[in-house]
Amino acid sequence: MILDEIVEKRKINIAKQKQIKSLAMLKQEAEALPQNRDFPLEKALMKQDINFICEVKKASPSKGIIAQDFPYLTIAKEYELAGASAISVLTEPDYFLGEDKYLQEIAQNVSIPVLCKDFIIDEYQIYKAKILGASAILLICAILDDETLRRFFTLAEKLGLSCLVEAHDENEIKRALKVQARIIGVNNRNLKDFTVDVENSLKLRSLVPENVIFVSESGIKTKEDIEKLRVHQVQAVLIGETFMRAKDKVLALKELYGKKISPKVKFCGMKTREDIAIINRYTPDYVGFIFAESKRQVSMQTASDLAKILDEKIKKVGVFVNASLAQIEEIAQKVSLDIIQLHGDEDNEFIKALKNKLDLPIWQAIKVKDIVDIERAKQSIADMILFDAYVKDSAGGTGKSFNWDLLKDFTGEFILAGGINKQNIIRAIRTTKPYIVDISSGIEKDNHKDENEVKTISELLRKVG
Ligand SMILES: O=P(O)(O)OC[C@@H](O)[C@@H](O)c1c[nH]c2ccccc12
């Protein structure tokens, strides 16, 4: 049986590795690393209505070589852009042609959690995964007895590694639940004979309680597969081959995800004629001029000059922090602003007064630290709320994101801001479903608006919309 063969080969390989570096040394190295107990994989797999773990896999015993050309780092980065919640990296060398360096380099180059996908039969591999930078490991019930499963699970917990505990049938799910696994993966592929059936996940779904994350693994190919899993409240899917064979990972993931999300876009902090030239080529719905003290501040005169060369289709938003009514009124007229964005401590009284003076929509920024801020937003009489990250002593544009989960129960249209960039924009919009996304630092390089970033983000949004 193939599984036994793989395990045998794994044993030989690990014995060799131990001769080069002993278990004791590896353990010491792993234990010296920060043992962060945030468990980012659990968090990542609960954000969207269905979350994708995309796999980097060169070959498999059932399919042979899947990717002749294997630019593993580029693939991983594309997965991240495409909105993957996590990345799985095969490290098994003999049958999947995996390598440790794939995991290590990928973990260093993406900001989402990375799963070490291997046949773990020795604690040596768990310390190794930690050292290589994994956030999580795979534990396969079919190759571990109860005692070993528990021991490995406990060790991973101690090192701050999440465990995806893989089961294939009812009995294995029970065993996974017994170790109190927080993430259970049901493999649709029978590792004994390679037959694949997505129905296996549906059949076993009800055995896993709601507070445990259910991952459906293997053989997922179509948006119909995903939709079936989605209606059965499957929180995540693990997909390898389908994505490895797709030329464009963003389009492939969008196709499987099956829902279009097309927020309007605002690019903020325009300062120069070059900025406007770039923006005119990509025509976002809105641009922002910042009149408050900031590294992106513009004078009324500059903004007025830039406004004249801006594509007419693009609406002009003026961003103010605790400015006076008179100042806002003067600038709004001179620059012919379309919208006023208040980004300071302005209250409803002020908004009312402003509305009396100017017949323009007013957006109010709320900086989010915790759920109280979301409640506060509901009291505002502004026409729309912009949620931004809270950063002490800063009005905005910091490149920091806030915890998007806080927006789960916010009904109504809003603008999402705060550290949105090409790596997280698709995840951000699928998680929060904003009416508008607002991007400033995410389209900059060395403090300047950068055409490549604007282009990438514009194309990503076009692809998923
Ligand atoms: O390429 P697929 O059919 O989408 O499958 C991915 C993943 O589930 C599969 O690679 C897998 C599931 N469990 C495993 C255990 C070991 C190695 C690989 C796997």
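Student: So which residues come nearest to the ligand?
Tutor: Keep in mind that this is a predicted model. Glu217, Ser218, Ile239, Gly240 and Glu241 come nearest, out of 15 residues around the ligand.
Student: And which elements give two or more residues to that shell?
Tutor: Those are β10 (236–239) and α11 (241–244).
Student: How do the shell residues divide by class?
Tutor: The shell around the ligand has 6 charged, 5 polar and 4 nonpolar residues.
Student: OK, switching to domains. What does the domain assignment give for the protein chain?
Tutor: Domain 1 covers 2–257, and domain 2 covers 264–464. Their C-alpha centres are 39 Å apart.
Student: How many residues are in contact between them?
Tutor: On the domain 1 side there are 11, and they contact 10 residues of domain 2. α4 (72–82) and α12 (249–257) each supply at least two residues of the domain 1 side. By class, that side has 4 nonpolar, 4 polar and 3 charged residues.
Student: Last topic, helices. At what angle do α2 and α6 cross?
Tutor: The axes of α2 (residues 23–31) and α6 (residues 123–132) cross at roughly 40° and come within 9 Å. That angle is why α2 counts as oblique to α6.
Student: Left-handed or right-handed crossing?
Tutor: Left-handed, as α2 passes α6.
Student: Which residues meet there?
Tutor: From α2 you have Leu23, Leu26, Lys27, Glu29 and Ala30, and they meet Tyr124, Tyr127, Lys128, Lys130 and Ile131 of α6. By class, this contact has 6 nonpolar and 4 charged residues, with no polar ones.

How values were computed: Residues numbered from 1 in each chain as written. Predicted model: local features only at pLDDT ≥ 70, side-chain atom pairs only at ≥ 80, totals over all residues. Axes fitted to C-alpha atoms, helices over the stretch in contact; angles between N-to-C directions. Helix = DSSP H or I, 4+ residues; strand = E, 2+ residues; numbered from the N terminus. Parallel < 35°, antiparallel > 145°, perpendicular 65-115°, else oblique. Left-handed = near helix turned anticlockwise from the far one by under 90°. Contact = placed C-beta atoms within 7 Å. Nonpolar A, V, L, I, M, F, W, Y, C, P; charged D, E, K, R; others polar. Near = placed C-beta within 6 Å. Domains from an automatic or database assignment.
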